[in-house]
Every structure is written in C-alpha cells, then in structure tokens.
Amino acid sequence: MSCFCLRPERTNSQEKVFAEHRKKVALENGKRLGLKDNEDLRFLLDGAKLTKIRSKSWHKSRYFNLMEDCRTIMCSSKKLGKKGNTFLIEDIESVRKGRQTEGLKKHTDPDEEEKCFSIMFKGSKKNLDFMVNSKEEAHRWVTSLEKLMNHAQNLSKKQEREHWFISCMRKADKNKDNKMTLKELKHFLRQVNIEVNDTYVEEIFKKCDTSNSGTLEDLEIEEFYSLLTKREEIDVIYEKYAKTEGEMSARDLLDFLLNEQREQATMESALKLIEKHELDEAAKQKKCMTKDGFVMYLNQEDGCIFNPAHSPVYQDMSQPLNHYFISSSHNTYLMEDQLKGPSSTEAYVKALMKSCRCVELDCWDGPNGEPIIYHGYTLTSKILFKDVIRAIKDYAFKTSPYPVILSLENHCTVEQQQLMAHHLIDILGSALVTKPLGDTMPANLPSPEELKGKFLVKGKRLNKLDAMFSNNNTTVEEDSVSEEDEAADCKENDQKAKAKKAKIKLAKELSDIVIYCKSVHFGGFEHARDNQSFYEMSSLKESKAFQLADASATAFIHHNMDKLTRIYPAGSRTDSSNYNPVPMWNVGCQIVALNFQTNTKEMHLNQGRFLPNGFCGYILKPEFQRSPSSQFNPQSLTEGPWLQKKVLHVLVISAQQLPKLNKDKQNSIVDPLVKVEIQGVAADIDKKTTHHIENNGFNPTWNTKFEFPISVPELALLRFVVEDHDSASQNDYIGQYCLPLTSVQNGYRHVPLLTKRGDIIPSAGLFVHIMLMDQK
C-alpha cells in the first residue's frame, strides 16, 4: 500500500501552488486506484465551465471538475475548487451524448444536439443536463466520464477498501497537516463505523507511533491500517493450508479448493488462480500464493458466493419463449405511486437497463391527435406514446440482446390506434415482428435466440394468426373487442368509469402487428386447453393468480408449458407496492410483472432470480416445469425429479466496512445483524437471524451456524439481509444480496451487498462458509 497523502491546508495566496499540489495528490490517488496519468484524467481534474439547463429560461454556468480523490465530482456555481455540490462517480448510471433527456428536448434547440450531454444517476436522484461550446468538448466530457466510470466499476476489493479508508482518514484530519493525533484517530474510528474503548485506541496509537512524536504519519499510518484491517478469520484458514515455508504452494491451494471450496479443481486451475490474484512477483515465480494474494482471491469473483460460470449467458436459449421466466415490469411509465406520481420515458430506460424484457404501455387519446401514456383516471402526468417508443428503441438492447415485449393496454379511439401502429412500424422498423417467422403457420412460439434484437407487441387481435396463411383471409378494417383484463379491473376501482362499455373498437393496423402475444380473456385451464392457441395469452390479477396457484397448481404449470401467462399487481396497490413473485414462478408463470420503481424485498427477489444467465432477462425454467409428463405440485411435494432433498449449511462469519447509516451523527455506529432467508416452494421457505454486534460496522464477527432443509433447490432463492438492530423500533436496512441456490458456490465465500435500489455498496460485504449437501 502506498503512503497516505492527506490534503494540506490552503491559504488565499497559494492558489496556484495549491492547484499544482491538488493535481499531484490526485495523480497519486489515481495511481493507487490503477488510473493511468493520461489526457482524460487531467481533463477531468482541470475541469471547465459548463451551462447547466433546467428550463427554457434557466441556463446557468457551473464549474465542473473531478476532485483529488479521483472518485468525487464537484459542481460549483463559483470557480473551480470552491465549495459546491458533489456526487460520486459510482452514483452515475450513464452519461448520454446529445439531447436524450426530456428536459434537453424541451429546453434546447435541435441544432444544439451535438453540444449537449446528460449525467443520469442511479435511483431517484435527478439527472444533470449540460450544454458546452462545441461538439468536440461534449464528446470529450462523455468519453472521459465513461472511462472513469468503467474503471470504478472494475476496481478490486482491495483498491475499493483502501480508497474508502483514505477518504475517511482525510475527513478525520481536521487541520489538514498530513498527521493523525490521538483525538483525530478517535474521530476516524467513528468515521469507519467502529466504536472502541479509549484504552484500546491508545494502545494502537502507542504501538504505531514509533517516532514517539505524539502523531502518526506516513509509514506509521500504514502500520495502523494493517493492524485495523487484519482479518484473523482469514489468517486461520490460510495458516491451515500454507504448508510450504509459510506460503501456500499450488498443491496447498489445490487442497484448499478441493476440501473447502468443493470445486472440481485441477493443478492447472490452481496455478491460474495464483497467476491471476497473486501480487508478489517473487511468490508468483515460485508458484506460491501469499496471504495478500489469498485475500485478493477471496474478494474477487472466483471467491464470490455467485458462481462466475453463471455470469455470462450459459443456458439454452433455443427453447420456445414460454419455457422461460421473463423479467417484466408493470405500469413501466411511472416513477413513483399510481395516483399522482410522474410518468416519464426515463422510467422505461431504467427498467430496460435492468434487463426488463416486458414493459407496459397504458395508451389513451391525447391532444393534437397524438396518443399519450399515463395511468388512466388518475392525476399521474402524461407522456407522448411516440417519445416512449423512441426511448425503448434506443435502450432496449443495451444490456440484453433478447426480445422485448411491448404490453399494450389500449384505451384509444381507432384514429389514434392507427397512429400508434404507424409510430411502432416507423420507429422500430425491421426490429418489430409484423409476421410469423418462416413461411408456414408455426406450431409453437419462437425462441429468445430466434428473436434476438426484436420487439413483440402484446395486445388484442381481430382474427386468428392462421388467417395470415389462408387464401380466404377476409380483411376486417375494424371491429369491437373486449378490453384488456387489466383495463377492466382498473375500471372496477373507478366509479365514473363503471358505466362505460367493456368493449373497444380495434383498428386493423394495430391488430395486424400483434403476432405472438395475442391477449385473450382467461376462461379456466380446461377452456384454455381446448380453445386457446399457443400464441394467445392471458393476464391475471395477482389475487386470481394466487387463488389458482393454491387450488390448481399442477394444472397451472401445465397451462404454462405451452402458453404465456402475465401476472400483474392489484389495482389497490396505489403506493406501487408489489406482491411476492416467488409463488408465481413456482407454477411456471413467465411474465410476473412488478413495479420496478419500488425498491423492496419483492424487487430484490426479482433481481436475484434474473442475476444469472448474463442478467439478460430470460431464465430457463426447470425441466419439471417444461415436461408434459411432469406432475410437479409446489403445494404438495411428491416423489419426482424435482425432489432433491438437500441441507444448506450456512456459517455467517463476519462483515467488512458496512456503510454508516446516520452520517450526520458522528457518534452513530451501527449494531449489525444478518438475516439468512430461503424463498422457494412452501416447504423450503425459512428465515434465521444472527445476534447483533454492538457498535461495530467496520469488522463485526458472528461465527453463527444455520441449517436449512431444501426440497426443490431448482426453485430456491438464497437471500442475505444486513440490518442495524434497534430495540425500540424497526431495524434499519443496511444491505442485501439474493441469488438462486443453483448459482451458489460452496466453501468460504464473500457476499457483495446491494443498496435498496440494487446497486453495489463499494467495499462492503459479508464473509461466509456455505455447504449444500445431500440429506442423510
């Protein structure tokens, strides 16, 4: 670890000197983070004056630059380096070139397209819209920020933790003299979320103060860092297997991989891990792994609880569409609640960037003949249908190449439906599926592989799909069809709308582009089996779906073997809350639509379900949910290929660098506990909790063992939740991580922690031991 460099105090007469010093410090920090000293980094450090845009009349100059920690951006109304608003590079979701946001489209002229760019943030933080003097400058900002973001996303855990440690130390160095007094050291420990008694602090301080100066500096600070970050639990593991002159040889490492990690490891794979993770060149030459290299291995993807082999697309993507769980959003246009919250094209972008593959468009007649999207009979704001389609086209395949389903809830007149069809065809072009694949009438749905880069429209259709291949195809210009089931349910909740007819006129132009997802009313499993074609699908309200899952689970599963089913939240969920998606996956429902804008447990489960397979939004259902001979019933388990009785052993060992929840209170330290949950079939659902550790969010240790009997591992999800214990009120959320049990790696593993909205918490994590074994 290189020497710590804290920011010196600055006087008014030292502006130029400070600027040079600031850049020097920044470049040293950048080097520690693995950043190269190049033109892009210096460009961001130098910064510039930009025009920030909020409205037609609000165009104001802002000074914008990267601070010396190389992770924080300052946006100031004064000059560079002066106090202003800040945000972290890791808070940025994307940087967009051009007039791509609603604000820039409204408040700037089209001829300024190439001089504009926007910074989009994760979560609910508002985006920043900027305009600069030239297209070259705009391009420079976008590319430089993207390079820095990409680098931040690929930092090692060691780099993240060192950087976090140094940032906290800077805050604690009150007089900016590059030294740490005992008082500042105590302040620092509170910054890193740990409360220790004064005697212990004084002992550490005295041990590190080898110069007897009464302060710590340079190498003394490094020694303090080493003492504080010592991982005794890892030392024990390493020493058990490091049998070659105090180091772990390739043979020792192989023994560890076979005995503890239960991997199908070979000498070749052990040597590859040494080459990949060992930092000491001398050890690498001897084909050995030092303790630092071992810690590095445990903190990288090879040592993660999530199997890295499941990170890319690894499943068979050539099965019919109905054989997959499909990541799906409900009322995608909403940013907040269902009654008065804003509608935005940005909501579609956020959902698509999370690999959502089915989005909903609630379409109504708009002014000037242009259809709009909003939540009918409410005060939610309205957006243009064509703007939504443009946004979907631009972002549909950024994170996944597999097909996107556009679920239309159509309330429009025939004239505006015709315009909807025109916009869909004109904007989406050849990517829109307007006829079945092949020259003959298909017998089943195409696969995600066959539909790569394609859009499917889900909605009502005037005739059967077979008519497209018939010589006697009678053209129907328009006709009345029943409303979507969800639209009818919406009306049930609205007194004014009750009197309206449950039928709408459907335009031929819109009908003709509904190919593989024709909406039909659900009339029961027997009726569907006898009358419903493979391309016809039903949407069910959650209460109806849960009732069917409880009463007729096996019939529900067989229905979903050759047809698509969409589930949507009850209209009474006006706060955009969600139902539990797991029981719906248990009966094979593919399109389990959730409110993506609501960051609660249900969305965490959804993120966990779709984490594997390249996070592409499609997960192949287990064989017993696809095979016609299957008699699987999640409510009443019988013998069959689905029944694989296992025991999951979980040892929760420790946590590292948990975030401080109340940053405004210096003395506020978390009291963490860990909950371990299993979600799956009813027989497997379980939850266990560790005791809480008082006043230690930096390196709490539990060493608590749990056992979970598992019956159907292929449908089980494992979830870790870390909370701040509170005896007087509800515990506060710290972080969580969820993944399918089939993607869990055995052995000693680190568990990343995510924020409520699903973003990685840098430097924080759990350390656990996992073992999934056959039941005796």
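Although N695 is not a glycine, its phi is positive, about 55 degrees. You will find N695 in the loop between β25 and β26 (701-710), strands being DSSP runs of E with at least two residues, numbered from the N terminus.

Y377 is another non-glycine residue with a positive phi, about 65 degrees. Y377 sits in the loop between β12 (372-373) and β13 (383-384), and is partly exposed at 28% relative accessible area.

## About the model

This is a predicted model, in which local features need pLDDT of at least 70 and side-chain atom pairs count only at pLDDT 80 or more, while totals for chains, interfaces and linings use all residues. Residues are numbered from 1 along each chain as its sequence is written, and side-chain values use heavy atoms, leaving out hydrogens and water.

## A strand hairpin

Strands β24 (residues 672-679) and β25 (residues 686-689) pair in the antiparallel sense over 4 bridges; pairing requires at least two DSSP bridges. A hairpin of 6 residues links β24 to β25. On β25, K687 is the bridge partner of E677.

## A helix pair

Helices (DSSP runs of H or I, at least four residues) α15 (residues 385-395) and α16 (residues 414-428) have axes that come within 10 Å and cross at roughly 25 degrees. The axes are lines fitted to C-alpha atoms over the stretch in contact, with angles from 0 to 180 degrees between N-to-C directions. Therefore α15 and α16 are roughly parallel, the term for angles under 35 degrees.

Notes:
Angles under 35 degrees count as roughly parallel, over 145 as roughly antiparallel, 65 to 115 as roughly perpendicular and the rest as oblique. Buried means under 20% relative accessible area, exposed over 50%, partly exposed in between (1.4 Å probe, protein chains only).
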